[in-house]
Amino acid sequence: MTEPHAACRRTVLRGAALAGVAGLGLTACSGSGKDKAAATGPVDLGPATEVAVGGAKLFRDDKVVVSQPTQGAYKAVSAVCTHAGCVVDKVEDGIVSCPCHGSRFNATTGAVVQGPATEPLPAVGVRVEGGKLITGPKA
């Protein structure tokens, strides 16, 4: 038997994974209001220099992973695992890891490296403005 809110939770999590931090607000099915809504405007992640060339950084509170594969070229993916909706907890050697069930993803492309996840982490818009990384709508 399925939990009463399982289907609703699954729908919300799938939407979160697809939306990333692209500006769509999300609310919990239970209506508890405890879940933090996704960004509806630009989000300042801090200095672009915090992401090394060839590296990646997790911005856990903002649910985004930003990489800089080559000098000045930034890419971002959602930090919400596409398997069960957990927020990833670390980035090491270009691999993003989810603590819930062990899924692993490429930090630059979001591609699944190890399941159980079968869908990649969705891309999120990111730009540099005034030396700062900005993500969210129109990034």
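1. Two strands are taken to pair if DSSP finds at least two bridges between them; strands (E, at least two residues) are DSSP runs, numbered from the N terminus. By this rule, strand β4 (residues 73–78) and β9 pair in the antiparallel sense, over two bridges. The bridge partner of Val-77 in β9 is Ala-123.

2. On the basis of the note: this is a predicted model, in which local features need pLDDT of at least 70 and side-chain atom pairs count only at pLDDT 80 or more, while totals for chains, interfaces and linings use all residues. Residues are numbered from 1 along each chain as its sequence is written, and side-chain values use heavy atoms, with hydrogens and water left out.

3. The pairing of β4 with β9 belongs to an open sheet of four strands, in the order β2-β3-β4-β9, with antiparallel pairing. Its edge strands are β2 (56–59) and β9 (123–124), each of which pairs on one side only.

4. Strands β2 and β3 run antiparallel and are joined by four bridges, with Phe-59 standing opposite Val-64 in β3. The two strands form a hairpin with four residues between them, and Lys-63 in the turn has a positive phi of about 55 degrees.

5. Strands β3 and β4 also form a hairpin, here with two residues between them; Gly-72 in the turn has a positive phi of about 80 degrees. Five bridges connect β3 and β4 in the antiparallel sense, and Thr-70 stands opposite Ala-73 in β4.

6. Strand β3 (residues 64–70) is largely enclosed by the rest of the structure, because five of its seven residues are buried. Buried means under 20% relative accessible area, exposed over 50%, and partly exposed in between (1.4 Å probe, protein chains only).

7. A disulfide is a pair of cysteine sulfur atoms within 2.5 Å, and the count comes to one. The bond is formed by Cys-86 and Cys-100, with their sulfur atoms 2.0 Å apart; at -105 degrees about the S-S bond, the link is left-handed. Cys-86 lies in the loop between β4 and β5 (90–92) and Cys-100 in the loop between β6 (95–97) and β7 (104–106), so the pair ties together parts that are 14 residues apart in sequence. Cys-86 is buried, at 17% relative accessible area, whereas Cys-100 is partly exposed, at 38%.

8. Cys-81 is in no disulfide. The closest cysteine sulfur to that of Cys-98 is in Cys-81, 3.9 Å away, which is too far for a bond. Cys-81 is buried, with a relative accessible area of 3%, and Cys-98 is buried as well, at 6%.
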